[in-house]
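Reader: I have a structure open and would like to go through some of its side-chain contacts. Could you take my questions as they come?

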Amino acid sequence: MTIAAFKRALICACLPLMLALPGHAQPATSSPAAQEAVQAPSRAEILATMKRAATFMMDEAAVNGGYVWQYLPDFSRRWGELEANKTMIWVQPPGTPTMGHLFLDAWHATGDGWYLDAAMKTADALIKGQLDSGGWNYVIDTAGEDSLKRWYDTYGKNAWRMEEFHHYYGNGTFDDAGTAEATQFLLRLYLEKKDKGIKKALDKALGFILNAQYPNGGWPQRFPLVKDGGLHGKPDYTGYITFNDDVSGENLEVLVFAYQVLGDKKLIDPIRRGMDIFIATQQPQPQPAWGLQHRTTDLKPTGARTYEPEAFATHTTANNIKQLLNFYRLTGDAKYLARVPEALDWLDKVQSPPSLRTQGRTHPTFLAVGTDKPLYLHRRGSNVVNGEYYTSDSPNEVIAHYGSFRTIDTQTLRAEYQKLAAMKGEEISKGSPMLAKPGTYKLPRYFTLRDVDVFDMMKTDNAEKVAGADKLADLIRGLNPRGYWPVKLTAVSNPYIGDGPATPTGGEYRATRVGDLYDTSPYNADYPVEGISTAAFVKNMGELIKALGQ
């Protein structure tokens, strides 16, 4: 799975969950002696539980082999990042590609061909929804494009804070790792099956990544570019060079994996250019940092959604520093380290004052170009029709759904830089999957047990910590008679009731995750309901896979 993709899949990108065991309160902590007395489930019990849970997801939750993120038990409502139609499947993690990865992981752990067949059905769903360009949108509607357009014109455009769904672009996106995750899943499946249909779809997906790359090495958020893609009085941001959500890093990881296992030498140049755009877009002193997006013309930071101003972004700068350190490990080329100290010094300089460093927050998210003045995020109104976002210098009453503050550990970043800078390039890059002869390494055996990256190909010991016998026993007991692990769906959404009024309705929505009843954005429920979660299924299956021994 791509860098940080699964972490987002289970934590950030999905609707908030409480992965509680079903139907009962958590048991009181028992004594060590009592815990030791719990007998570990047998291999047969683990295999039976896995098969029953996977069968439920295949037979009841799947739509033509694809999945969303969450469901009510009677399937009367379902959600991806937004509420979905019954004919829709989600590409963003932890949706359909993540489920495909899980089935392949279960195949590797059990040798049961049933899971490989399940992975093929999941791939069929993705291939049917693959765009002619080779990429994927966030979501696929199996009922066709007209149905998808109606969803965008109802649920999508009325989700106040979900501006990426306010416009139907009709093209593919690199946002939130959906296309990257789908491509890696197809790559894994092709290596297992050598199926011509899988290879054709994989080649299209890799072609999409290569065709979308600008000559300077950057990637847009969406491709192919469209006309009239602007929103809310702002120009279309989807064609800018995008670092937000690690778009460039995700694509680079796909290409490095593909180069090593497919041996396609034409991938080397786009990989090199994709790395070099990080150097080209780092700004000069006194602000040697990065924004979420950069213009393709002058490579300066620029804005995107209305709550993403033209500014430098501290979390993006920290992530790009990490990527430059990774590029040094991959290539041994010291140019990737050359200006890292400048970026680290800048992060230290723009830390929040002590009075704002609460709950681990260390930095403002956005700093104004030219001044380093913090830009805090606010909104007014009650829904997307009458509401608007704006920035100010006040850190009070900021929006809840997008952080105005970040937690950045510059000390650890600096220590890692110093460690690498003290090592010679040929030493640090020895055995790199980018420099090694293609075919030297295989893909990691498992993709859903933790966040994997290209360096995992070099590891001989990828063993994961196995849960204790008591936890495994709880997992097996927790699978309900229908065959799923119930969880508390702590986020819900208002059903679509029509477009919102032009005049704000009563209520205070400045710091809430949702506006009035016309806002279809997800929000945290006061009284969570029980339901079915793809993320919980993947997590729990992973615990059982680890228990089988790797």
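Reader: What lies over the face of Trp160?

Author: Arg379 does, at 3.9 Å from the ring centre. A charge is said to sit over a ring if NZ of Lys or CZ of Arg is within 6 Å of the ring centre and within 35 degrees of the ring normal. This is a predicted model, where local features need pLDDT of at least 70, side-chain atom pairs count only at pLDDT 80 or more, and totals for chains, interfaces and linings use all residues. Residues are numbered from 1 along each chain as its sequence is written, and side-chain values use heavy atoms, with hydrogens and water left out.

Reader: And which ring does the charged end of Lys199 sit over?

Author: That of Tyr190, with 5.8 Å to the ring centre.

Reader: OK, rings with rings now. How many aromatic pairs are there?

Author: The structure has 27 aromatic pairs. Rings of Phe, Tyr and Trp (its six-membered ring) pair if their centres lie within 6.5 Å; planes under 30 degrees apart count as stacked, over 60 as edge-to-face and the rest as tilted. One of the pairs is Tyr138 with Phe165, which is tilted, at 5.0 Å centre to centre and 45 degrees between the planes.

Reader: Where in the chain are Tyr138 and Phe165?

Author: Tyr138 is in the loop between helix H5 (113-129) and strand S5 (139-141), and Phe165 is in the loop between helix H6 (145-156) and strand S6 (172-173). The pair links distant parts of the chain, 27 residues apart. Helices (H or I, at least four residues) and strands (E, at least two) are DSSP runs, numbered from the N terminus.

Reader: Is Tyr138 buried or exposed?

Author: Tyr138 counts as buried because its relative accessibility is 1%. Phe165 is buried as well, at 0%. Buried means under 20% relative accessible area, exposed over 50%, and partly exposed in between (1.4 Å probe, protein chains only).

Reader: Which residues do ring pairs link into a cluster?

Author: Trp69, Trp90, Tyr138, Trp151, Tyr152, Phe165 and Tyr168.

Reader: Switching to charges. How many salt bridges does the count come to?

Author: The count is 27 salt bridges, each being a side-chain nitrogen of Lys or Arg within 4 Å of a carboxyl oxygen of Asp or Glu. Among them is Glu164 with Arg305, whose closest N and O atoms are 2.9 Å apart. That bridge links distant parts of the chain, 141 residues apart: Glu164 is in the loop between H6 and S6, and Arg305 is in the loop between strand S10 (301-302) and strand S11 (311-313). Both residues, Glu164 and Arg305, are buried.

Reader: What does Arg450 meet in a salt bridge?

Author: Glu464 is one partner, at 2.3 Å from N to O. Salt bridges that share partners join Arg450, Asp456, Lys459 and Glu464 into one network. Asp456 also bridges to Arg450, the closest N and O atoms being 2.7 Å apart.

Reader: Why does Asp456 count as buried?

Author: Because its relative accessibility is 3%. Glu464 is buried too, at 19%, while Arg450 is partly exposed, with a relative accessible area of 24%.

Reader: Last one. What does Ile268 touch?

Author: Tyr259 and Met434, not counting residues up to four places away in sequence; contact means heavy atoms within 4.5 Å. Ile268 is in helix H10 (residues 268-281) and is partly exposed, with a relative accessible area of 23%.
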